[in-house]
Amino acid sequence: MKYLKKLLAFCLVGTMLVGCMGYDTIVDLSIHLYKVEYNGQIIYLLGTNELGKRRAVLDTITNDAYEASDRIVFEVDMSGIDTSQDISYMYENSAKSSLTAEQINRLDEIVRGYSGQHPGDVLYSYNLLSINSMYSEVVASELGYHSNLGIEIYLHAHAIDDEKEILAIDSLEYQKSLFPLLSTGTPNYLIDSLEYESLVAFTKKYNEAYYSGDISQWNEVISQNKNRITDPAEFEYNETITKNHCVVIANYIEGLFAKTGTSFVAVGAEQLVGDSGVIQLLKDKGYTVTAMKK
């Protein structure tokens with residue numbers, strides 16, 4: 001759902017974050033950087049986080065990989081946002097039209113946990129995925145993390161300045177195509193995932209681990225998150241959305257080896273690891289994948 005969250009960062013919260021940007025600071029992302037090799041060709045693969053606390057300056061290992069690359073590939077298009085199309089998507093299958101009265105009441109109860117907010121009818125004109133992204137952004141902001149400080153925005157700006165070729169793997173249409181595959185139990189999972197205290201705890205733990213510079217801490221958090229899933233609707237959501245998307249990413253990376261020059265691919269870090277993650281899928285295809293930070 002990165003496309004939707006990126007859209008929200010630009011269209012919904014951007015004006016709220018003016019003045020929040022801190023001084024540039026070196027961020028060690030090298031624990032999330034991998035080298036994919038085949039027949040002497042190299043593709044750099046970076047696991048990204050759409051949230052950040054300060055404007056990033058890449059560590060030496062990650063910056064060297066970026067500088068050595070001829071093109072940069074993002075998970076979604078970082079520049080060509082069709083605002084009218086994307087904003088209209090946020091209203092498709094609105095909560096008011098798609099949720100049951102019981103689900104609306106449950107969502108209303110949870111939203112009231114955010115400093116006593118009353119959602120009102122306007123909130124329910126958005127679809128549930130948009131609502132989920134909005135309140136995830138609220139929690140992240142309270143913890144000091146902001147979408148407009150994410151590493152992808154930094155990379156995109158520098159790729160433009162450096163006149164690198166910029167490509168995108170994913171599209172809004174692809175993500176929309178997955179939603180009909182989900183069961184009627186999915187809304188309950190998405191609603192419950194907004195429970196305030198749980199979302200605060202998860203957001204804090206996830207982002208601290210990502211920026212820790214400690215790969216064992218990061219892997220532990222990801223493993224714990226996957227192992228805790230017992231809700232069939234959440235399991236199905238992850239199987240349908242995440243696994244299918246990892247296959248799309250791995251296939252796209254494979255296609256990059258047909259291009260001349262070196263590619264630098266930036267995709268969500270959580271999608272790289274695990275038995276069905278992008279790294280394992282690439283290894284299964286016969287490519288050599290090596291962590292850049294030992």
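So, the contact of H7 with H11: Tyr-135, Ser-136, Val-139, Ala-140 and Glu-142 in H7 meet Tyr-196, Leu-199, Val-200 and Thr-203 in H11, where contact means heavy atoms within 4.5 Å. By class that gives six nonpolar, two polar and one charged residues (Ala, Val, Leu, Ile, Met, Phe, Trp, Tyr, Cys and Pro count as nonpolar, Asp, Glu, Lys and Arg as charged, the others as polar).

Quick caveat: this is a predicted model, with local features needing pLDDT of at least 70 and side-chain atom pairs 80 or more, while totals for chains, interfaces and linings use all residues. Numbering starts from 1 along each chain, and side-chain values use heavy atoms, without hydrogens and water.

Back to the helices. The axes of H7 (residues 128–142) and H11 (residues 196–210) come within 10 Å and cross at roughly 60°. The crossing is right-handed, meaning the near helix is turned clockwise from the far one by less than a right angle.

Now, cavities: there are two of 30 Å³ or more (on a 1 Å grid, points where a 1.4 Å probe fits but cannot get out, with lining atoms within 4 Å of a point).

Methods: Axes are lines fitted to C-alpha atoms, for helices over the stretch in contact, and angles run from 0 to 180 degrees between N-to-C directions. Helices (H or I, at least four residues) and strands (E, at least two) are DSSP runs, numbered from the N terminus. On a 1 Å grid over the protein atoms alone, a cavity is a set of points where a 1.4 Å probe fits but cannot get out, and a pocket is an open set with protein on both sides within 12 Å along at least five of seven lines; lining residues have an atom within 4 Å of a point. Grid points are joined across faces, edges and corners, and a volume is the space filled by probe spheres set on the points.
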